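Please read them with the structure open.

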Amino acid sequence: MEIYRWEALDPETRRRLLLRARSDLTEVLPEVKAILEDVRRRGDAAVRDYMRRFDGVDWPPSQWRVSREAMAAAWEELTPEVQEALRREAGAVRRFHEAQRERPIWLMEMAPGVLAGQIIRPLDSAGLYIPGGRAVYPTIVHALGIPAAVAGVPRIVACTPPAGRHPAVLAAAEAAGVTDFFLVGGVAAIAAMAYGTETIPRVDKIVGPGNIYVLAAKMLVMGETAIDMLAGPTEVVVLADETARPDWVAAELLAQAEHDPQTSCLLVTPVEDLAWAVRREIERQGPALPRWSIARQALETYGGLIVTADLETAIAVCNAYAPEHLAIYTRDPWAILPRIRHAGSVFLGPWSAVAAGDYATGTNNTLPTGGWARAASSVSVDTFIRRIEVEALTEEGLRHLAPVITTLAEVEGLHGHAASVRIRLSEGGEGAGFDRPSRES
């Protein structure tokens, strides 16, 4: 990994470090668009063709679905230790997301005779995309499926490539409340969930990470269905001072680097000696990892050890980067937390391994990447709900607001809006009032 002295870098090098592995979607958009349109036209037949082409399997549609019984039976294929770990993780994820649930209805009196508020309703259906290429991801099933179930989504559809079929993934789907599970992956899966086929139902929203092709497909189907975010390769930034252990910092960077060759891993520190020590530790620890070839490629291409003049500058670099994972290993990480403006998930103190958030704390591990943390949040219960606004006015309330309504409507040239109010009030009739709800429901 390169060591960079931040203040000595030219603007172009700084920009490159902050951009990281943002995939150029324009290169794959034409191919992805063609696949989407083919699935829209030919449905199951097109999906089967692409499974044969990309996954090397020729399964009829009757073999794509995994039954609820098969999901439940998958538990028996797991060791007791894996079963216990999955159940504990699912329980933590459920507890965390149950705390996010809001009141299903609230109303407040804005003025005499004017009530306004909102009601919360779950989506009718959600589609979960579960990657299944280099590894299997039961934790992503939990991260996507459990908040959907907690939100009250009645139909939860999951798709994963045939190679992603693993008893831990199926067991996680059963624990998460997935109702329809299909062994279909890639662009074809996104198209099937966006448009619907004879076998795979259309959904209202598609969530979940994937490769550049899945990312491009999600972008192109917006309008046909909603999506959560354009989540790309994972990333971590470690903000550390002289109190940090170099071997622990190196282990944290390696932990994320083993995900994918496009993973971004940075150390940001005002302590140059720490940067050199971390570099030596990476060289020592890395070759012992089974996925070292992947991690090494990520560290060489998208990694960096950034040395700043002081801690203030280091914090500014972290905020400019807006990382998916931000690990703060400093003397007083809680004092730094209020100054962090952009991050998907923050890990405070040396004992707060990012892997804890991936597997056990209950927080959601589907997070914004590529700088999206400036404006986006993790998948949550809010991802799977709709807020419907509610208004209720009496005659008194409408008369109170009439001058505002008619004046602004005429400013905008929408005279029919103003007339719709005046006709009610000019008749002087006794319009119906409203009954206040006796309690929140």
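1. Tyr 4 has Ile 306 in E12 as its bridge partner. Strand E1 (residues 3–5) and E12 run parallel and are joined by three bridges. Helices (H or I, at least four residues) and strands (E, at least two) are DSSP runs, numbered from the N terminus. Two strands count as paired if DSSP finds at least two bridges between them.

2. This is a predicted model, in which local features need pLDDT of at least 70 and side-chain atom pairs count only at pLDDT 80 or more, while totals for chains, interfaces and linings use all residues. Residues are numbered from 1 along each chain as its sequence is written, and side-chain values use heavy atoms, with hydrogens and water left out.

3. E12 also pairs with strand E11 (residues 264–269), in the parallel sense and over five bridges. In that pairing, Leu 267 stands opposite Leu 305 of E12.

4. How many of the five residues of strand E12 are buried? Five of the five residues in E12 (residues 303–307) are buried, so the strand is largely enclosed by the rest of the structure. Buried means under 20% relative accessible area, exposed means over 50%, and partly exposed is in between (1.4 Å probe, protein chains only). In a regular strand, side chains alternate between the two faces of the sheet. For E12 both faces are covered: Gly 303, Leu 305 and Val 307 are buried on one side, and Gly 304 and Ile 306 on the other.

5. Strand E13 (residues 325–329), which contains His 325, is mostly covered, with five of its five residues buried. His 325, Ala 327 and Tyr 329 point one way from E13, Leu 326 and Ile 328 point the other way, and all are buried.

6. E13 has two pairings to check. Strand E10 (residues 235–240) runs parallel to E13 and is joined to it by five bridges; Leu 239 stands opposite Ile 328 there. Strand E14 (residues 345–348) is also parallel to E13, with four bridges between them, and Phe 347 in E14 is the bridge partner of Ala 327.

7. A separate point concerns an open sheet. Six strands form it, in the order E2-E7-E6-E5-E8-E9, with mixed pairing. Its edge strands are E2 (65–66) and E9 (226–227), each of which pairs on one side only. Within this order, strand E5 (residues 125–129) and strand E6 (residues 155–159) run parallel, joined by five bridges. Gly 127 has Val 157 in E6 as its bridge partner.

8. Which residues does the UniProt annotation "binding site" cover? The unreviewed entry gives Thr 234, Gln 256, His 259, His 325, Asp 358, Glu 412 and His 417. These residues are spread over 184 residues of sequence and also in space, up to 56.1 Å between C-alpha atoms. His 325 and Asp 358 from this set are in the lining of the largest cavity. UniProt positions are given in the numbering used here, feature names are shortened, and annotations may be inferred rather than shown by experiment. On a 1 Å grid over the protein atoms alone, a cavity is a set of points where a 1.4 Å probe fits but cannot get out, and lining residues have an atom within 4 Å of a point.

9. His 325 counts as buried because its relative accessibility is 3%. Leaving out residues up to four places away in sequence, His 325 touches Thr 234, Gln 256, Phe 347 and Asp 358, among others; contact means heavy atoms within 4.5 Å. A polar atom of the His 325 side chain lies 2.8 Å from the backbone oxygen of Glu 235.

10. Asp 358 is in helix H15 (residues 354–359) and, at 13% relative accessibility, counts as buried. Apart from neighbours within four places in sequence, Asp 358 is in contact with Glu 89, Thr 139, Gln 256, His 325 and Asn 365.

11. Under "binding site", the unreviewed UniProt entry also lists Gln 256, His 259, Asp 358 and His 417. They span 162 residues in sequence, and the farthest two C-alpha atoms are 56.1 Å apart, so these positions do not all gather at one spot. From this set, Asp 358 is in the lining of the largest cavity. His 417 is in helix H17 (residues 415–427) and counts as partly exposed, at 48% relative accessibility.

Conventions:
1 Å grid on protein atoms, 1.4 Å probe; cavity = no way out; pocket = protein on both sides within 12 Å on 5 of 7 lines; lining within 4 Å. Polar contact = N/O pair within 3.5 Å; in protein donor to acceptor, adjacent residues only side chain to side chain.
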